[in-house]
Each structure stands twice: as structure tokens, then as C-alpha cells.
Amino acid sequence: MDALLGTGPRRARGCLGAAGPRSSGRAARTPAAPWARFSAWLECVCVVTFDLELGQALELVYPNDFRLTDKEKSSICYLSFPDSHSGCLGDTQFSFRMRQCGGQRSPWHADDRHYNSRAPVALQREPAHYFGYVYFRQVKDRSVKRGYFQKSLVLVSRLPFVRLFQALLSLIAPEYFDKLAPCLEAVCSEIDQWPAPAPGQTLNLPVMGVVVQVRIPSRVDKSESSPPKQCDQENLLPAPMVLASVHELDLFRCFRPVLTHVQTLWELVLLGEPLLVLAPSPDVSSEMVLALTSCLQPLRFCCDFRPYFTIHDSEFKEFTTRTQAPPNVVLGVTNPFFIKTLQHWPHILRVGEPKMSGDLPKQVKLKKPSRLKTLDTKPGLYTAYTAHLHRDKALLKRLLKGVQKKRPSDVQSALLRRHLLELTQSFIIPLVRHGAEFPHAGSPTPNQTPPQIRPFSQDDFLRSLEHAGPQLTCILKGDWLGLYRRFFKSPHFDGWYRQRHKEMALKLEALHLEAICEANIETWMKDKSEVEVVDLVLKLREKLVRAQGHQLPVKEATLQRAQLYIETVIGSLPKDLQAVLCPP
């Protein structure tokens, strides 16, 4: 094996980019630069192997100008291999999520802001974390000293497209393990020809003789998920491999052993409670964590989550300390050592090996934390939490009937996903309705700053629930009031309110810009000092820049009027001020 974990990843075999080395991440590039299209989808591709002297080691990184810090390289190495307790033989796919070292970096990709403004909140690019999508192979090999071939191919991205990247790995990895570097170089070159992910569009993505057809969801899509419309099929030979979704997992398969507790788990996730998921393997762990974090859609999941986490992680001490309350994180692990280390966590979900027989598997039981044993802990949800809402028995009956009738898993998943979506919407609609009217005084005028938004009143909201609560859209009974009171203390209320406040502030600012453009600017300027006029020009320019950057929801005609107003106002000023405001 060539260069391993050194001060920087070794240069990949084959010429894959020629930029000079950097301390971390990738420099900003124009769309015409090498690997610009590749980087719209992936940050890099890594190969992790097992070395007798070093253990897990980073063998290759593509493109070779992508620089990872030593801490990031170490995290990728440990997170790309199942731990010794998993005993994964053959091929295994799973995913992880790791923090970028040094916190958030300026995104290099010019379309980040544009993409995020059109994508659903759950599918926006991560600003401070990487996703790792892993294809791990462990097979007997007499030519290797330890008797086993052990290697992982890892796609590193800031996009949460788990289903797309798993499908991509299933095409690439088996071929790569046979042919190694030349195959990987060709695949990276093909990805570098892909169009950028565009919300609302169906894309054809050619790779290794297969065309993968996907639709990137848009923020304006209806809530129900829909498969991509097959387009231009007559021009595609062979016929494309159509993915129904870039991100949705088989929710029913993930939740099969915990169906009786789905509502309790939904409440725990909604409230941002610390939750440890102990699974027998990284694939079960990562899928369960991703399934749990998807329960809140269309609400943004605002807490931390780690689909697969090991004791070697640089944040191990941060997550396991007993000197402060457990962090708001959903943590997926496979090492039973975590049961002992995280006994103080309030909620621990232990799941066993998945059983895909025709019958519904034995459901995990709700158990008190005091029954948690450090060794040989049986599957169960260990928590003292009591759900606020009553269990939806009708849903369980429909799902059980589907199992008995051998209903396809994707149909079962659609039922379950729709139930969770409607539950979340019923919970959020009263909050949205309560703040739907703009709580500001008067209409915006040109000579005023946009009015301030009144703070959200929790007491007023709770009083409104009696006549405008979730009971209008949801048949479930229970202590909705108590659930809202706990929700107000959670990271998800803070995240929801910040996003809502931002949207309302932008809308008010857009209304303010329209008010300026609709006013008679010459009449307004008559009794204004030069300082006030210059101030208006500067503010108008600032709003214009923001609006042109798709940050303000205004029409093109309004932007044109604003530009005309700026020119009119500047033309009314003395020549010396005109020269300052419009330098040659």
C-alpha cells in the first residue's frame, strides 16, 4: 500500500485535478474549473483499507486537490469500518455524519445559496458537516496475511441523498474492488459531466453504462412523495434505472421492530431528546437514525445526529461526559460498551437483527431505565418517558393487515410516512396559523425602516388551542397542551421560530421595497435633506443586491423600478455627491 495517513492524503493515481495543496476543503471555483460539476454532488471519494501495522488507513482520495485535516481523515477511517462487534462478512452499506473540523467553512460552490433557497429544508446542503456513504467489503482472501480482504469505498458529500448515493455505490464499488484505481478515475470523470442538482427537475445521470434517473425534490412540491416522471426514455439506451427518491429510506422496514412505539419515538424526536440507538451493525444503526430524523418532515431536524458513531470519534468525550446534561443528539452505535458509558442517558433504543420474514417481527418492549443491564441488554426502548398522545391503533391495524396480505414494503412505507407527515403538520399548523397575520403596526412607507415583528406569545398561543388546535386536523386524543409546553423548550421550536421569523422579516422587507417603488419619489424628496436622500440610495442599493441574490421575494418589475428610482434620486443630487455615489 502506498502513502497512508500522513499530513495530507496522498495524491491519487491518475491525474484527477491539478490544483495546489490547501489546508482544508476546496477553494472556490468557477463552473468551468476542473471538478466543478463533480463538486456539486460530492466533496471527494475516499478508499479506506486495513493495514496490519496501522489498522484502518486512508489509501486514496479523489480528486487529489481535496484536503482533509488530520482529524477528518482519522474520523473517516474509523467511521468507514464496522467495529469488531458487528462481524459483517460480505458487502455492507451504511452511512455516517461527521463534523467538519474548524466549524463551518465558506461553501465553495457558487450555487449553494440558490440551491438551498429552492430545496426542502431537510435536503439542503450541510454547512458544517459531511455525510459519508460507505460500501464495505470483508471477504476471505488467503493472499492477505490476516486472511481477509477488508476495504471501504466512501462517498463524502454535503448532500443528504442517502438513497441516490447508496445506489451509486452499488454500481461502482463491486467494479472498483475488481479493477481498482482506473475504474474510480473513470467514474469521477463521468460524475464531473453531470448537471448540478436542481430542485424540481428530473435529471439523467450516466455512470458506468447505466443512466440513473432521479428527481430532485423542490420546496414547492406537494407533501406526498412522487417518483420522477420518466423523460426522454426513447433517447436513453439502455432504459434508465429510475430511483423513486434521492433520500427516502424504506421506512416500514426500518421501523418494523418498533411499530408499536413509533408515536412515542416521534415525540422524543420532536422534543429533541437525547436518544441512543444500539444496533447489531452499522447498516441497521444508520438506517434507524436516519428514519428517526426523517419523522419530522416537513419540519427541519435541528438537533445533531450521528447515524454511526464509534468510541474512536474525536467527539466521544463530548457526548459521554457526565458533568453536564446529555446533548440533544440521536446517536447510532453498535458497540455494547456504550450501554455502560451512556447509562445516564434518558432514552436508549436497543434493536436486534432485522428479520424479513412474512410475519411482523416481535415488537421491542417499553422498559424502565432501571432494567438496563450493561451486559446482554435485550432489545427494548428503555425510557421513563410517558407519551402525551394516545397510540393510533387504526394505523397499527392497517400495517398489520398489510403484512398479512403481503402488501409491498414501499406501500407500507408510504402509509407510515403519510401518517407521520400528517401528525407533524397537525402539530405545526396551529403554530403557523397563530403567526400568520403579520404582527406589525401600520404598512411600510419609504421613509421608515421595515417595522419590527412582535415576539411570539406562548401564553396567547396556548389559549388559542381550545378553538384552533390540532384537533381540527388530527383525530388523536391526548395531552396536546403538555406536548406544546415541552416543545417550546426544545431546539426544534427555536429552529422553527428563527426560520419563521426570518421568512416574515424578509416578506416585510420586500413589502417595504415595493412601498418605496410605488411612492412618488420626487414628491418625497422635496423636503428631505441631502443626508436623508443619500441614506435612501444606500438602503435601496442594499435591498437591490439582496433581492437580485434571491434573498427577497420581489418581482422583476419591482427590481427594475428600484433601479430607476436610484438613478432618479442620484440625478437630483449635486455633482460632487453624484461622483461619490457613482464613481467612474
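## Basis of the model

The structure is predicted, and local features need pLDDT of at least 70, side-chain atom pairs count only at pLDDT 80 or more, and totals for chains, interfaces and linings use all residues. Residues are numbered from 1 along each chain as its sequence is written, and side-chain values use heavy atoms, with hydrogens and water left out.

Helices (H or I, at least four residues) and strands (E, at least two) are DSSP runs numbered from the N terminus. Two strands are paired if DSSP finds at least two bridges between them.

Strands of a sheet pair through backbone hydrogen bonds, either parallel or antiparallel. Strand β7 (residues 210-215) runs parallel to β8, and 2 bridges join them. Gln 213 has Val 242 in β8 as its bridge partner.

Axes here are lines fitted to C-alpha atoms, for helices over the stretch in contact, and angles run from 0 to 180 degrees between N-to-C directions.

## Leu 164 in helix α4

Leu 164 belongs to helix α4. Its relative accessibility is 2%, so Leu 164 counts as buried (buried is under 20% relative accessible area, exposed over 50%, partly exposed in between, with a 1.4 Å probe and protein chains only). Leaving aside residues up to four places away in sequence, Leu 164 touches Trp 41, Leu 205, Val 212, Val 214, Leu 243 and Val 246; contact means heavy atoms within 4.5 Å. Leu 164 and Leu 243 are 79 residues apart along the chain, and 7.4 Å separates their C-alpha atoms.

## The six-stranded sheet

A second open sheet is formed by 6 strands in the order β10-β11-β9-β12-β14-β13, with mixed pairing. Its edge strands, β10 and β13 (365-367), each pair on one side only. From one strand to the next, the twist averages 15°.

Strand β12 (residues 347-350) pairs with strand β14 (residues 380-383) in the antiparallel sense over 4 bridges. Within β14, Tyr 382 stands opposite Ile 348. Helix α8 lies across β9 (275-278), β10, β11 and β12, and its direction is at about 160° to β11.

## Two cavities

Rolling a probe the size of a water molecule over the atoms shows where empty space is left. The structure holds 2 cavities of 30 Å³ or more. On a 1 Å grid over the protein atoms alone, a cavity is a set of points where a 1.4 Å probe fits but cannot get out, and lining residues have an atom within 4 Å of a point. Grid points are joined across faces, edges and corners, and a volume is the space filled by probe spheres set on the points.

The largest cavity contains about 60 Å³ of space. Its lining consists of Leu 259, Thr 260, His 261, Val 262, Gln 263, Arg 391, Asp 392, Leu 395 and Leu 396. At least two lining residues come from each of α7 (262-270) and α11 (393-404). By class, 4 are nonpolar, 3 polar and 2 charged (Ala, Val, Leu, Ile, Met, Phe, Trp, Tyr, Cys and Pro count as nonpolar, Asp, Glu, Lys and Arg as charged, and the others, Gly among them, as polar).

The second largest cavity contains about 30 Å³. Among the residues lining this cavity are Leu 268, Val 269, Phe 301, Cys 303 and Val 330. Helix α7 and strand β11 (329-333) each supply at least two residues of this lining, which has 6 nonpolar, 2 polar and 1 charged residues.

## Backbone details

Most residues other than glycine have a negative phi, and most peptide bonds are trans. The bond from Tyr 62 to Pro 63 is cis, with omega near -15°, and Pro 63 lies in the loop between β2 (55-62) and α2 (70-79). The bond from Gln 297 to Pro 298 is also cis, with omega near 10°; Pro 298 lies in the loop between α8 (282-293) and β10 (304-306).

Met 208, which is not a glycine, has a positive phi of about 50°. Met 208 lies in the loop between β6 and β7 and, at 29% relative accessibility, counts as partly exposed. Lys 406, not a glycine either, has a positive phi of about 55°. Lys 406 is in the loop between α11 and α12 (409-434) and counts as exposed at 69% relative accessibility.

Conventions. 1 Å grid on protein atoms, 1.4 Å probe; cavity = no way out; pocket = protein on both sides within 12 Å on 5 of 7 lines; lining within 4 Å.
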